[in-house]
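Work through the exercises below with the structure in view. Try each task before reading its solution.

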Amino acid sequence: MKRFTGLGAAGVLLILAAACAAPKTGPVAPELFAVLPSKEGKVGSIVVNSAGSSRVIDTAYGAQLIQPSGEMVGGKLTEADVRASFGSTLQALPGRPASFILYFLEGKDELTVESKKELERVFIELARRPLPDIVVIGHTDTVGSGPFNDKLSLQRAERLREMMVFMGLAAERVQAAGRGERELLVPTEDNVSEPRNRRVEINVR
């Protein structure tokens, strides 16, 4: 199989686990389609259509180059090829969504000892992402009035947001909201102290 070089002029690199390329009609610019393995080593597949022909790419770094005439040429990239020609593009791709839950002391916006340790892992994950979009949602248990818990849940979310901004995240990329006692992780009756309900959920994209 042909090995492609000079990728910078080749055109578009698609990084898909499994997808079908749209049919081409008429002349096309040079385009390169390739399948890259995931971090776990899993390999998906794509179908490339051009000039009435279809090719399946289902191997790691397998590729099809579509010539301006529409002819497809099969080939193979190397990890070094991809890194050299598309490294900056790959770095800019958003990471997979991730979620974290941190817990609070009863009636306060202070994290538990265990969650303070977990917070370090959250920050490491956030630091790996060049432009993360983060939503922090605060919750409470059912101890206290509804208005009190609405305020407390928002305080918890805002507290985490402030910490993230302090560590260098852009303020406009971190949203905070409070749900009070409306979305209990563990359903309870009213006025029940439940540690697992006193939390913030951090969703990162």
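**Exercise 1.** State the accessible surface of the chain and the share that belongs to carbon and sulfur atoms.

*Solution.* The accessible surface (Shrake-Rupley method, 1.4 Å probe) is about 11700 Å². Carbon and sulfur atoms hold 55% of that surface. This is a predicted model: local features need pLDDT of at least 70, side-chain atom pairs count only at pLDDT 80 or more, and totals for chains, interfaces and linings use all residues. Residues are numbered from 1 along each chain as its sequence is written, and side-chain values use heavy atoms, with hydrogens and water left out.

**Exercise 2.** Find how many helices and strands the chain has.

*Solution.* Count DSSP runs, numbered from the N terminus: helices are H or I with at least four residues, strands are E with at least two.

**Exercise 3.** Check the span of helix H3 (residues 146-166).

*Solution.* The expected span is 1.5 Å times one less than the number of residues. For the 21 residues of H3, that gives 30 Å. The end C-alpha atoms lie 30 Å apart, so the two values agree.

**Exercise 4.** Which residues of H3 are buried, and which exposed residues sit on the face turned away from them?

*Solution.* Buried means under 20% relative accessible area, exposed over 50%, partly exposed in between (1.4 Å probe, protein chains only). The buried residues of H3 are Asn-149, Leu-152, Ser-153, Arg-156, Ala-157, Leu-160 and Met-164. They cover an arc of only 130° (directions from the helix axis to the C-beta atoms), which puts them on the same side of H3. The face turned away carries the exposed residues Pro-147, Lys-151, Glu-162 and Phe-166.
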